[in-house]
Amino acid sequence: MDTIWLTGAQWLAVLRIGLGLWWLESWRHKDKKTWFEGGGITWAANIAAKHRWTPVRSGFDVVVAPRPKTMAYVVAYAELALGVGLILGLLTPLALVGGLLLNALYFTLMIHDWAEQGQNSMMALISLVALFGMSWQTWSLDAALGWF
């Protein structure tokens, strides 16, 4: 075939934007009132308390549990920032690495919930492909500004 509908770089941009939409949806679907009152962190605390790995339980107890409202804001606005950054292609490498880290945290906390792991695994895989494929080179503010 002599012509291809999109180039490889454009397909990587589509993947990056789709991942950004996924993060944005993760932020959008939260019941913000309950979430920001610490409801999301309370839910996570119940999961962490039963976790089979002691470092996960103790790490949660040290870092997250003492500040549930702050951590609720950190998680929610991290998801929003990742979504906007990836959709616009703004600071894309940082957003992709940040998303990988957040997915790793979700994956570790939710290790027993295989339905949730499918989503985290796919998001992490997309992040890796978009990162190593330099998906910010096309259709991004990073490219328009000459960054990265």
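At what angle do the axes of helix α3 and helix α4 cross? This is a predicted model, in which local features need pLDDT of at least 70 and side-chain atom pairs count only at pLDDT 80 or more, while totals for chains, interfaces and linings use all residues. Residues are numbered from 1 along each chain as its sequence is written, and side-chain values use heavy atoms, with hydrogens and water left out.

Helices here are DSSP runs of H or I with at least four residues, numbered from the N terminus. The axes of α3 (residues 39–49) and α4 (residues 54–64) cross at roughly 150° and come within 8 Å, the axes being lines fitted to C-alpha atoms over the stretch in contact, with angles from 0 to 180 degrees between N-to-C directions. That makes α3 roughly antiparallel to α4, a term for angles over 145 degrees.

On the α3 side the contact (heavy atoms within 4.5 Å) is made by I41, A44, A45, A48 and A49, and on the α4 side by R57, F60 and V64. By class, these residues divide into 7 nonpolar, no polar and 1 charged, where Ala, Val, Leu, Ile, Met, Phe, Trp, Tyr, Cys and Pro count as nonpolar, Asp, Glu, Lys and Arg as charged, and the others, Gly among them, as polar.

A44 also belongs to the lining of the largest pocket, where W43, A44, V75, Y106 and L109 lie nearest the centre among 32 lining residues. A pocket is an open set of points on a 1 Å grid over the protein atoms alone, where a 1.4 Å probe fits, with protein on both sides within 12 Å along at least five of seven lines, and lining residues have an atom within 4 Å of a point. Helix α6 (92–109) is among the helices that each supply at least two lining residues, and α6 gives the most, with 6 residues. The lining has 20 nonpolar, 8 polar and 4 charged residues.

Key. Angles under 35 degrees count as roughly parallel, over 145 as roughly antiparallel, 65 to 115 as roughly perpendicular and the rest as oblique.
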